[in-house]
Amino acid sequence: MDQAEGLRTMMQQSFGPSRSHSTVESEKDPLLPRCPRVISVTSGKGGVGKTNVVVNLALAFRRLGKKVLVLDADLGLANIDVLLGLVPRYTIEHLFGREKRFSEILVEGPEGMQILPASSGVHSLVDLNESQKLLLLEEVDLFAGETDFLLIDTGAGISSNVLYFNMAAQESIVIATPEPTSLTDAYALMKVLSTQYGKKEFLILVNFVSGEEEAKRVFKKISKVVDHFLKTLSIDYLGFIPFDEKLPLAVRSQKLVLDIFPEAPSSQRFEVLARTLFDRPSLTKAPGGIQFFWKRLFASQPQTIQERGMF
Ligand SMILES: Nc1ncnc2c1ncn2[C@@H]1O[C@H](COP(=O)(O)OP(=O)(O)O)[C@@H](O)[C@H]1O
Ligand SMILES: [Mg+2]
């Protein structure tokens, strides 16, 4: 049994499949514990649209009546607040400095979405240490019971933070574009997450395309490589966002495209994306919400995790 396999087995034993309730399921049965869907938005390459996807998706979920928490986890190069024209008083740095609690740092974004802002240019946050990771999980955990969707903007690449936040999510959306480097970098990220951390399922969202046809071509290219080199991995086509000149226009005025150009092609796709995710049977096979798992695991055997060099 490899390391990741061992962890998954422990996870099953800790929670059992009956703990794996999605928000949707718990809404159907009020006796089930409420537990947010944790979705990371990630990429191998930077500049592919993660931050825009996260916040527009958050707005689309709000309009479906859902409670949304957005975690800016691009910790060293944070920009969700800038994108939204917000000027947060405190950031995640104050959480790690134990100066502020999670709820004091949160800022309210468009239409009531909650945002945990990160800090830009803070080198110490580029590689979170174990206690910072644990503190963040604990604080998110305390707060997230009120939340339907926790959306994480992970930042790009294969740094320890990016890998960590993807592991903390039940569903990971990998953004790709038609650029060859975006494809190879997306592949590299999925490869590390699957071979070293046992994450086997990814949702592919294709950005900067002319339409569905081109998006499917991009997806086919990725799935060909995956089928050939990473047979145990499962990737699903989630959808596409078209290249849309209205999107950078909105960015320049620090507004969301879905907010100020609701009829724009990208806005319409953000709505479709929210609905697609909402309608999908939530929660992969990861029971209980991985963040709960990690918290318990850390609490029970922090040494073991550190010694194993998990993160
Ligand atoms: N579908 C799109 N059409 C046109 N421009 C886009 C689209 N998606 C993203 N952009 C532009 O690309 C740039 C990078 O987007 P961003 O969301 O910041 O990417 P990331 O978070 O992955 O670095 C932004 O300037 C944004 O305006
Ligand atoms: Mg970004």
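These legends describe close-up views of a predicted model. Local features need pLDDT of at least 70, side-chain atom pairs count only at pLDDT 80 or more, and totals for chains, interfaces and linings use all residues. Residues are numbered from 1 along each chain as its sequence is written, while chains are lettered from A and ligands numbered from 1 in the order in which they are written.

**View 1. The shell around ligand 1.**
Ligand 1 is surrounded by 17 residues. A residue belongs here if its C-beta atom, placed from the backbone, lies within 6 Å of the ligand. The closest are Gly49, Lys50, Thr51, Asn52 and Pro248. Three elements each supply at least two residues of the shell: α3 (50-63), β7 (201-209) and α11 (246-252). Such labels number DSSP runs from the N terminus: helices are H or I, at least four residues, and strands are E, at least two. By type, the shell holds 7 nonpolar, 8 polar and 2 charged residues. Nonpolar means Ala, Val, Leu, Ile, Met, Phe, Trp, Tyr, Cys and Pro; charged means Asp, Glu, Lys and Arg; the others, Gly among them, are polar.

How many residues of β1 are buried? The count is 7 of 7. Buried means that 20 or more other C-beta atoms lie within 10 Å of a residue's own; exposed means 12 or fewer; partly exposed is in between; C-beta atoms are placed from the backbone. In a regular strand the side chains alternate between the two faces of the sheet. On one side of β1 are Arg37, Ile39, Val41 and Ser43. On the other are Val38, Ser40 and Thr42. Strand β5 (residues 149-156) runs parallel to β1, joined by 6 bridges. Strands pair if DSSP finds at least two bridges between them. Ser40 has Ile152 of β5 as its bridge partner. Strand β6 (residues 171-176) is also parallel to β1, with 4 bridges. There, Val174 stands opposite Thr42.

Helix α13 covers residues 265-279. The expected span is 1.5 Å times one less than the number of residues. Which residues of α13 are buried? They are Ser266, Ser267, Arg269, Phe270, Leu273, Ala274 and Leu277. Seen down the axis, these buried residues fall within an arc of 160°, so they line one face of α13. The arc is that of the directions from the helix axis to the C-beta atoms. An α-helix has 3.6 residues a turn, so residues three or four places apart point the same way. The cover over the buried residues of α13 includes β1 (37-43), α3, β8 (234-242), α11 and α12 (257-260).

Asn207 lies in β7. Asn207 is buried, with 25 other C-beta atoms within 10 Å. Leaving aside neighbours within four places in sequence, Asn207 is in contact with Val48, Gly49, Ile175, Thr177 and Ile241. Contact means C-beta atoms, placed from the backbone, within 7 Å. Asn207 and Val48 are 159 residues apart in sequence, yet 6.9 Å apart from C-alpha to C-alpha. Phe208 is buried, with 22 other C-beta atoms within 10 Å.

**View 2. Gln254 in a loop.**
Gln254 sits in the loop between α11 and α12. Buried or exposed? Gln254 counts as exposed, with 12 C-beta neighbours inside 10 Å. Phi of Gln254 is near 55°, a positive value in a residue other than glycine.

Key
Contact = placed C-beta atoms within 7 Å.
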